[in-house]
Amino acid sequence: MADYPIYIYHTNDLHSHLSQWPLAAGFLNHQDKYHKTRKETALFFDIGDHADRVHPITEGTKGKGNVRLLNKTLSTT
C-alpha cells in the first residue's frame with residue numbers, strides 16, 4: 001500500500017478582523033492551486049471565531065458576510 005500525503009490548512013480566530021482576510025485567502029488559494037497541479041489532496045477548514053459581531057459588515061449582515069467570504073475563497077479554483 002502506497003502512502004499519500006494529505007495537507008490540512010485551517011483558519012481560526014479571525015474575530016472579524018476582515019482587513020486580514022485578503023492575505024489569508026490569497027495564501028489559501030495559492031496553496032490550493034499548488035496542490036492541484038501536483039494532484040495532491042488538500043483540505044481547507046475554518047475552525048471557528050471568524051465573526052464576533054464587532055465589524056460593521058459582520059454586524060450588518062448577522063455574520064452572513066463572513067460566510068460569503070469563506071465560501072468565495074476557494075470557489076474560484
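**Strands, helices and a ring pair**

Biologist: Ala42 lies in strand β2. What makes a stretch a strand or a helix here?

Modeller: Both are DSSP runs, numbered from the N terminus: helices are H or I with at least four residues, strands E with at least two. This is a predicted model, where local features need pLDDT of at least 70, side-chain atom pairs count only at pLDDT 80 or more, and totals for chains, interfaces and linings use all residues. Residues are numbered from 1 along each chain as its sequence is written, and side-chain values use heavy atoms, without hydrogens and water.

Biologist: Which residues does Ala42 contact, beyond its neighbours within four places in sequence?

Modeller: Tyr7, Tyr9 and His35. Contact means heavy atoms within 4.5 Å.

Biologist: How do you know that β1 and β2 pair?

Modeller: Pairing takes at least two DSSP bridges. Six bridges join β1 (residues 6-11) to β2 (residues 41-46), and the strands run parallel. In β2, Leu43 is the bridge partner of Ile8.

Biologist: Why is the Tyr9 and Phe27 pair called edge-to-face?

Modeller: Rings of Phe, Tyr and Trp (its six-membered ring) pair if their centres lie within 6.5 Å; planes under 30 degrees apart are stacked, over 60 edge-to-face, the rest tilted. Tyr9 and Phe27 show 6.0 Å centre to centre and 70° between the planes, hence edge-to-face. Tyr9 is in β1 and Phe27 in α1, so the pair ties together parts 18 residues apart in sequence.

Biologist: What makes α1 roughly parallel to α3?

Modeller: Helix α1 (residues 21-37) and helix α3 (residues 64-73) pack at about 25°, axes 10 Å apart. Angles under 35 degrees count as roughly parallel, over 145 as roughly antiparallel, 65 to 115 as roughly perpendicular and the rest as oblique. Therefore α1 is roughly parallel to α3.

How values were computed:
Axes are lines fitted to C-alpha atoms, for helices over the stretch in contact, and angles run from 0 to 180 degrees between N-to-C directions.
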